[in-house]
Amino acid sequence: MQAAFSPYLESIADGIKKLIAILQEDYDYVSVLSTDSPGFAMRFTTRDTVVSESTLITERGNVVRVRKDGLYSEYAFNEFDPEHPEETAEEVKTILSRQLEVLKATGSKVYETEKLSDDPCVLRKEFETQELPETADIPKIIDMFTGMVHKAKEMEERVVECQASAQSTHVSKMFLTANRDLRQSYVASECMIAPIVSDGEKTEYGYVGLSGRKGPELFSELPQKLEKAMKASLDNLAATPVEPGEYEIIAAPEVAGLIAHEAFGHGVEMDMFVKNRALGKQYIGKRVGSDLVTMHEGADAAVDVASYAFDDEGTLAGDVIEIQNGILNTGVCDALAAARLGTRPTGNGKRQNFEHKVYTRMTNTVFEAGDSTLDEMIASVKFGYLIEGGGSGMEDPKHWGIQCIVQRGYEIVDGKLTGKIVGPLIITGYVPELLGGISMLSNEVKVFGTGACGK
């Protein structure tokens, strides 16, 4: 079935259009993003269950963006009477005029930005799903997850606890201007299970997560991943410290994704180019990786929780080839940063919610496939590690340094796995050198995960 667009947003659409028409008497650009996104989030341990439906409250609202004299301003509101849009219009004009008074009183310099394009476009997209979070069988989901965490504790005597989580959100967004009417509806869901194990001296955990542009039906795939999560936990428990140094590594898909996210996610978010806070700005058209490296970024580059029809500024989703055979083509960009840089937005303008400003943010950042198998990769390594279990990462865009924490590595000697496990591991280095050292790429691309960046 299709994820039906919000009846509430339908009911206020004409009123929002009238609001835009009124504001256009005073401003030369006006847009409104309206959201209505019910859903739920759950957390489980063997001792308790926490269920939250707060997204139903926090994700219903609007944000208006206007431009006057080269300055963009925004105002968020969640109370709106579509029969009397003039009331909201007066409120918007009053608040924004006060902001201008503060700028003048403090002598603040205004960064003048070109008027955003308002090319005509009408789009309505309702993505497919099997279930909706607002009609899901919550008791059945609770029973399934409760059963999983208790089963994990019964599977292995070294399990001291097991944690799991699940969340699902039905996202409806409407972006309106004088010439654009964009409406989309989809469901995004995530789940995870993490057994916590101890040998009496050391405590570790491993996890398996799933995500997708799917409804709560996604959760039924998790029980079959429990054994994999248990193995990850026990392998982490068995891991010994690694001797610091330089090694050949094979990155499992989640680690390759972590590297892509940190290296060519944050490093080429072009709002940092505006501030001259990203070294990547100097590498456009230059080599940043080996000939094998081609990297895509965009809501249309793959299908997962970050896949949508248009971003929060009304730019249609894209599939940007950031790196082509090792050469950096471009970064990703929100609309205002694009206007300041004299380039085109890429569909990466994202808000945490309607009350927060837009940032250039990643969607799906993935390497293109190569032509090597995993067995061929292992056979090619004289001494190194197959590394698994994404932890966390960070990057300094200004100097293009990267650091990724990985849970474990499986030792490879003379092209064979020895059975020895080391961990945790920290990968660090200069991004062009790291990507320049890529010598083999898998012939298979996998897109999966447990959600989005916490930036």
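This is a predicted model: local features need pLDDT of at least 70, side-chain atom pairs count only at pLDDT 80 or more; totals for chains, interfaces and linings use all residues.
User: Is tryptophan 400 buried or exposed?
Analyst: Buried means under 20% relative accessible area. Because its relative accessibility is 0%, tryptophan 400 counts as buried.

User: What is phi of tryptophan 400?
Analyst: Most residues other than glycine have a negative phi. Tryptophan 400 has a positive value instead, with phi near 60°.

User: Is aspartate 69 buried or exposed?
Analyst: Aspartate 69 lies in the loop between β4 (60–68) and β5 (71–77), and its phi is positive, near 55°. Exposed means over 50% relative accessible area. At 63% relative accessibility, aspartate 69 therefore counts as exposed.

User: Which residue does a cis peptide bond join to glycine 423?
Analyst: Most peptide bonds are trans. Here omega is about -5°, and the bond is cis.

User: At what angle do helix α4 and helix α5 pack?
Analyst: Helix α4 spans residues 138–155 and helix α5 spans residues 226–238, with their axes 11 Å apart. Their orientation is oblique, and the angle is about 50°.

User: Which residues of α5 make the contact with α4?
Analyst: On the α4 side, the contact is made by Met148, Lys151, Ala152 and Met155. The residues of the contact divide into 5 nonpolar, no polar and 2 charged. From α5 come Leu226, Glu227 and Met230.

Terms used
Residues are numbered from 1 along each chain as its sequence is written. Side-chain values use heavy atoms; hydrogens and water are left out. Axes are lines fitted to C-alpha atoms, for helices over the stretch in contact, and angles run from 0 to 180 degrees between N-to-C directions. Helices (H or I, at least four residues) and strands (E, at least two) are DSSP runs, numbered from the N terminus. Angles under 35 degrees count as roughly parallel, over 145 as roughly antiparallel, 65 to 115 as roughly perpendicular and the rest as oblique. Contact means heavy atoms within 4.5 Å. Ala, Val, Leu, Ile, Met, Phe, Trp, Tyr, Cys and Pro count as nonpolar, Asp, Glu, Lys and Arg as charged, and the others, Gly among them, as polar. Buried means under 20% relative accessible area, exposed over 50%, partly exposed in between (1.4 Å probe, protein chains only).
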